[in-house]
Amino acid sequence: ADLHSGTAGIGGVFYGNGTELASFSKFIGSKTNNEAEYEALIQGIKEAHQLGIRSLNIYADSQLIVRQVTGIYKVKNDRMKLLHGKALELLNKLDDWKCEHIYREKNERADFLSKLGMEKGRK
C-alpha cells in the first residue's frame, strides 16, 4: 500500500571512515512512502555533490528503491519514473556509486533524522 502522509520527512547521514561527516533532515509535505524514499535518495546525492564526495555507498531501507535504482526492477508508476530519472541523473555525475538495502533498525540515525524532518512540518 502506498500511503499518503501529509507529514513526510526525510533524513540521511554521511559517514567517512566511521566518522559522521554531515547529515540532513527535511520536511517534504504530502508524499507517498515510496516518493519520500526517492526524495531522501535525491537529497542525499545532492548533498554528496555539495560535500565534494565523488564515490558513494548508499544504504537505503527501501528494498524497492534499491532494486529500481540498480536496475533489477522496472519503474512503472509515472511519478516514480520522474524521481527515478532524477536520482539516476545525479548518480551518473559521481565517479562511482553502490546502492544496498539495509534494514531500518540498522539505519537508526537516518530514521531518527527523517522523524526530525516530520516534526519540522508539525510546527
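Helices (H or I, at least four residues) and strands (E, at least two) are DSSP runs, numbered from the N terminus. The model is predicted, so local features need pLDDT of at least 70 and side-chain atom pairs count only at pLDDT 80 or more, while totals for chains, interfaces and linings use all residues. Residues are numbered from 1 along each chain as its sequence is written, and side-chain values use heavy atoms, with hydrogens and water left out.

Helix α1 comprises 18 residues and spans 26 Å from its first C-alpha to its last, close to the 26 Å expected at 1.5 Å a residue; the expected span is 1.5 Å times one less than the number of residues in the helix. Of the 18 residues of α1, 13 are buried, and the helix is mostly covered. Buried denotes under 20% relative accessible area, exposed over 50%, and partly exposed the range in between, for a 1.4 Å probe and protein chains only. Just after α1, Gly52 adopts a positive phi of about 75 degrees.

Two packed helices are described by the angle between their axes and the distance between the axes. For α1 (residues 33–50) and α3 (residues 78–91), the axes come within 10 Å and cross at roughly 20 degrees. Axes are lines fitted to C-alpha atoms, for helices over the stretch in contact, and angles run from 0 to 180 degrees between N-to-C directions. Helices α1 and α3 are therefore roughly parallel to each other; angles under 35 degrees count as roughly parallel, over 145 as roughly antiparallel, 65 to 115 as roughly perpendicular and the rest as oblique.

Contact is defined as heavy atoms within 4.5 Å. On the α1 side, the residues that meet α3 are Asn34, Glu35, Tyr38, Glu39, Leu41, Ile42, Ile45, Lys46 and His49; on the α3 side they are Arg79, Met80, Leu83, His84, Lys86, Ala87, Leu90 and Leu91. By class, this contact of α1 with α3 has 9 nonpolar, 3 polar and 5 charged residues, where Ala, Val, Leu, Ile, Met, Phe, Trp, Tyr, Cys and Pro count as nonpolar, Asp, Glu, Lys and Arg as charged, and the others, Gly among them, as polar.

Leu83 lies in helix α3 and is buried at a relative accessible area of 10%. Residues up to four places away in sequence aside, Leu83 touches Glu35, Tyr38, Glu39 and Ile42. Its C-alpha is 9.9 Å from that of Asn34, 49 residues apart in sequence. Leu41, in helix α1, is also buried, at 8% relative accessibility. Beyond its neighbours within four places in sequence, Leu41 is in contact with Ile58, Ile65, Val69 and Ala87. The C-alpha atoms of Leu41 and Val69, 28 residues apart in sequence, are 10.0 Å apart.

Ile10 belongs to strand β1 and is buried, with a relative accessible area of 2%. With neighbours within four places in sequence excluded, the contacts of Ile10 include Phe24, Ala36, Ala40 and Leu113. Ile10 and Phe24 are 8.0 Å apart, C-alpha to C-alpha. Asn17 is found in the loop between β1 (4–16) and β2 (19–32). This residue is exposed, at 84% relative accessible area, and has a positive phi near 50 degrees although Asn17 is not glycine. Asp111, in helix α4 (residues 108–122), counts as buried at 17% relative accessibility.
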